[in-house]
Amino acid sequence: MTGPTPQFDIMMPYYGDVGMMQDAVRSVLALDGDDWRLTVVDDGTEPDVPGWFEQLADPRVRYFRNERNLGVTGNFNRCLELADFDHVVLMGCDDLMHPNYLRVVRGALASTPDAAMVQPGVLVIDGSGKPADSLVDSVKRRIYAPKEQGTEGSAEPGPGELHGEELAVSLLRGNWLYFPAICWRTDAVRERGFREDLKVIQDLALVMELVVAGERLTVAGEVCFSYRRHALSESSAQAFSGDRFAEARRFFLETADLLDRQGWPRAAAVARRHLSTRLHALTLLPGAVRRGNSTGAGTLLRFAALPARRNS
């Protein structure tokens, strides 16, 4: 590899659509600068993928295929094991980086070099790559993010630096982060890793661990990343109606107790209420009823109606 020694490991945990993954790879190859390396960690079995990377023959790109399927969280942690450089991105395999991504992140780190997380500006796109503005993203942008937002279809919290109980309260009221776009300080995130007992909310769990440990989040408003928001499919709706909410309730209970021990009572109270997650459950309830999924509808309704209680 020619040019400066890479400072950014762009890790792409991959499973799923081959074409979207290839588009994501091409978007990384178009980045400004040479201080990066892309590593794709394949958790699937699509037959043509290894050959495609072999033909790509780009020295800036590494490709690994897991010997067995590790699942989402396991593959996240495998990516962290393979990261060597100062900062790491866990990019979604169906998302797109803009050429200015690293320029935006470099600028944020120049002003806050010790930040454990940099959240840059994000454009939300749909399955076909067109700008989108779902209810979830509109709420993130207009209600929960710490600053009035920019253009339609974008999600641009910041700019600024947040930490401590203020940041915990903000994120627990409604998680306005876009996890695949975050640039992490490698030593901070690898020290903790992703919790293997969590399948859905592991990103927020890691962020909260970092916040409680005193780490800081820097927000850069310039849009430099496209986050793909797929339409909620029937299968994902069914998955979301059961174990996902049980996991969320457990996480909020544990986090509230952790924040009590930290001496952050305001953040602990917000975690126990977890109002935004309960409201999200309500938005899914009509779909469960339309599909005749009475079990799922009951689960959604119970989750929405009852906030978590203090662990005994």
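User: How many salt bridges does the count come to by this rule?

Analyst: The count comes to 18 salt bridges, where a salt bridge is a side-chain nitrogen of Lys or Arg within 4 Å of a carboxyl oxygen of Asp or Glu. Keep in mind that this is a predicted model, where local features need pLDDT of at least 70, side-chain atom pairs count only at pLDDT 80 or more, and totals for chains, interfaces and linings use all residues. Residues are numbered from 1 along each chain as its sequence is written, and side-chain values use heavy atoms, with hydrogens and water left out.

User: What makes Asp-23 and Arg-26 a salt bridge?

Analyst: Their side chains meet at 3.0 Å, N to O, and the rule asks for within 4 Å, so the pair counts. Both residues lie in helix α1 (residues 18-29), 3 residues apart, about one turn of the helix. A helix here is a DSSP run of H or I with at least four residues, numbered from the N terminus.

User: Why are α8 and α10 called roughly parallel?

Analyst: The axes of α8 (residues 202-212) and α10 (residues 243-262) cross at roughly 0° and come within 12 Å. Axes are lines fitted to C-alpha atoms over the stretch in contact, with angles from 0 to 180 degrees between N-to-C directions. Angles under 35 degrees count as roughly parallel, therefore α8 and α10 get that label.

User: Which residues of α8 make the contact?

Analyst: Leu-204, Ala-205, Met-208 and Val-212 do, with contact meaning heavy atoms within 4.5 Å.

Terms used: Helix = DSSP H or I, 4+ residues; strand = E, 2+ residues; numbered from the N terminus. Parallel < 35°, antiparallel > 145°, perpendicular 65-115°, else oblique.
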